Amino acid sequence: MYIVGDKDVVPLRETVTSGQVQIDPEAGEELRKQLQAQIDQVDSWIERANSSIARPTALGANPVGDKMRDKFTHRAEGEQYSFVSVMTAYRTVLEQTKTSIVEAIGNFEALDQEQQAELKKHMGNS
């Protein structure tokens, strides 16, 4: 996932790690929950694909049936653009985004604590 900056497109992870992105904990938690729900859904799809889509189709015990069965099984789970491969890549992006959201919440909380400490310091000097 990327963020468009003033001059360049920057990976979200990079901007969050640098502390440039903060998310209010309440809003961030809602977003994290939505991402987790999508991850759970993708896990369900992958599990179903592994147990049913990739299961060899019964096309008869003959050379054509064997080749077609192998072809369909490979398309379901083995090719770069197979359902399982695409969903696994999608899940990875969701997980990375969720991790970035959690870190951005931490950035917000750290900034809030710094500002509270600074305010207390100034209030004590008055």
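Visitor: How much accessible surface does the protein chain have, and what share belongs to carbon and sulfur atoms?

Guide: Accessible areas come from the Shrake-Rupley method with a 1.4 Å probe, and for residues only the protein chains shown count as cover. Here the accessible surface of the protein chain comes to about 9,000 Å², and 54% of that surface belongs to carbon and sulfur atoms. Please note that this is a predicted model, in which local features need pLDDT of at least 70 and side-chain atom pairs count only at pLDDT 80 or more, while totals for chains, interfaces and linings use all residues. Residues are numbered from 1 along each chain as its sequence is written, and side-chain values use heavy atoms, with hydrogens and water left out.

Visitor: Which elements make up the protein chain, and in what order do they run?

Guide: Helices (H or I, at least four residues) and strands (E, at least two) are DSSP runs, numbered from the N terminus. The protein chain has four helices and two strands. Read from the N terminus, their order is β-β-α-α-α-α.

Visitor: What percentage of the residues in the protein chain is buried?

Guide: A residue is buried under 20% relative accessible area, exposed over 50%, and partly exposed in between (1.4 Å probe, protein chains only). Of the 126 residues in the protein chain, 21% are buried.

Visitor: Is Asn107 buried or exposed?

Guide: Asn107 counts as buried because its relative accessibility is 17%. This residue lies in helix α4, which spans residues 83-124.

Visitor: With which residues is Asn107 in contact, leaving aside its neighbours within four places in sequence?

Guide: Contact means heavy atoms within 4.5 Å. By that rule, Asn107 is in contact with Val16, Gly19, Val21 and Gln22, once its neighbours within four places in sequence are set aside. For the chain as a whole, consider contacts between residues at least 6 apart in sequence: 61% of them join residues at least 24 apart.

Visitor: How far apart are Leu31 and Ile101 in sequence and in space?

Guide: Leu31 and Ile101 are 70 residues apart in sequence, and their C-alpha atoms are 7.7 Å apart in space. Leu31 lies in helix α2 and counts as partly exposed, because its relative accessibility is 34%.

Visitor: How many salt bridges are there?

Guide: A salt bridge is a side-chain nitrogen of Lys or Arg within 4 Å of a carboxyl oxygen of Asp or Glu. By this rule the count is five. One of them joins Arg32 to Glu29, with the closest N and O atoms 2.7 Å apart.

Visitor: Why are Arg32 and Glu29 separated by about one helical turn?

Guide: The separation is about one helical turn because the two residues are three apart in helix α2, residues 25-53. Arg32 is partly exposed at 22% relative accessibility, and Glu29 is partly exposed at 29%.

Visitor: Which residues are linked in a network of salt bridges?

Guide: The network links Asp43, Arg91, Glu95 and Lys98. Within it, the side chains of Glu95 and Arg91 meet at 3.4 Å, N to O. Both residues lie in helix α4, four residues apart, about one turn of the helix. Lys98 also forms a salt bridge with Glu95, the closest N and O atoms being 3.4 Å apart.

Visitor: Is Lys98 buried or exposed?

Guide: Lys98 counts as buried, because its relative accessibility is 13%. Glu95 is partly exposed at 25%, and Arg91 is partly exposed at 25%.
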